[in-house]
Amino acid sequence: MSTIFVNHADGNSLVKERKEDIDFLLHKLHAVHPAFKTNQEGMAHFYNELEAIDDHSSFSMELMRVIAKIGDSHTNVLLNETEKKLPISLVNVNNDVYILQSEDGQAKKGDKILAIGAKEIDELLDELRPYISYDHEGRFQHLVNLLTIDSILQSIGIEKDEMVELKVERNGRIITLELAYKTMETINNHDEPYRWEILSYDTVNVGYFQLIHSINDSSYQQSIASFFESVKEQRIKKVILDLRHNSGGDSTVADEWINYLDVNQYLSYRVGKVDGDRKVVVKTKNKGKYKGELYILTGPGTFSSGTMFATILKDNGLGKLIGEPAGMNSNHDGEVMIIELPHSKIKVAISQHEFVRPVLDPSGNELLNVDIPITRTIGDLMNGDGQLEKALEIITAGNE
């Protein structure tokens, strides 16, 4: 492997360590990433800026920006759990940013963010783009929560301080808030990995299974078994699998689920490009024979193995996608390995394999489009789960 920079004879030990970290990273990328192509101009610029980087956080953010040029949303710098962030979560709806949750009494759910610090929200979003890799605009909007993280805000021009000023619009009034950072590890996450219930809508019962974290353990397997047992007992003909918030994990969760559908075998993903038309065929264990309608609810938060799950169901004709496009292209790089740079100790996730969907789109489109589109509105998000309500209305009315 050739090295991008040539001047190792630098007396500055910090610069030398930074260069050694980059050499280490490039070696790993060349060794394992399925499609790594060195961006000569971007990397050269990175090395030219090394002498100006005098702290760990700035170096981490520069790495984040350069790695984003690879264009693989699985390959990125991992944020440290001790990072500080604002005690709020944000949502981007049609390029308007709102507070969705708050652990601070000043900020309220539904506040529309107009500015953070001295910068307007549109400017901040534009400056955030070079630091992240995303497959389409919907996914970029989904990643708006990055604007709550201290190191990212500093990198795009928000001065480091104990408090951060937010300008918000609430009920037609402009209000200024001052929020203090908290460490990421202290901010609660109460999401269950999976749950199910039988929903009743307009006298029609619908089976609802939500999978947030792809964990194929005995509890998950028992949960699926109990779910389909109730579906059978109640003679339910319509089921929703909700993958909107599934950020990935163990891709075999799809295999376990499909065991309960009325199918003996199905096509799955290939690892790497292959010549000809070779398919990967998976035989089911026939744990159940659900013959009713299956709807897969997806959105920009559907990522990694969540996208693979939805793609397998769609490509095999086992269900219809409803909602918004998944956050990752159907064909993508993945199965990451985590490396730690020797000096800075920054952790980087690197894809090891290319994954090719079971049935390629003849148009060459890699976006996993839905069969029944339902676009979220801020009203939907502020008042329960309006998108799910609309999905229930559509599928129980038979309006497809």
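This is a predicted model: local features need pLDDT of at least 70, side-chain atom pairs count only at pLDDT 80 or more; totals for chains, interfaces and linings use all residues.
**View 1. The whole protein.** Of its 400 residues, 48% count as buried, meaning under 20% relative accessible area with a 1.4 Å probe and protein chains only, while exposed means over 50% and partly exposed lies in between.

**View 2. Helix H7 from end to end.** H7 runs over residues 218-233. Its 16 residues should span 22 Å at 1.5 Å a residue, and the end C-alpha atoms do sit 22 Å apart, so the two agree; the expected span is 1.5 Å times one less than the number of residues. Just past the helix, Arg235 has a positive phi of about 55°.

View 3. Tyr220, Ser223, Ile224, Phe227, Phe228, Ser230 and Val231 are the buried residues of H7. They take up an arc of only 155° around the axis, so they share the same side of H7; the arc is taken from the directions from the helix axis to the C-beta atoms. On the face turned away from that buried side you'll find exposed Ser218, Gln222, Lys232 and Glu233.

**View 4. What covers H7.** The cover over the buried residues of H7 includes strands E10 (194-201), E11 (204-211) and E12 (238-242), plus helices H8 (253-258) and H9 (305-315).

**Notes.** Residues are numbered from 1 along each chain as its sequence is written. Local features need pLDDT of at least 70, side-chain atom pairs count only at pLDDT 80 or more, totals for chains, interfaces and linings use all residues, and side-chain values use heavy atoms, leaving out hydrogens and water.

Note on methods:
Helices (H or I, at least four residues) and strands (E, at least two) are DSSP runs, numbered from the N terminus. Contact means heavy atoms within 4.5 Å.
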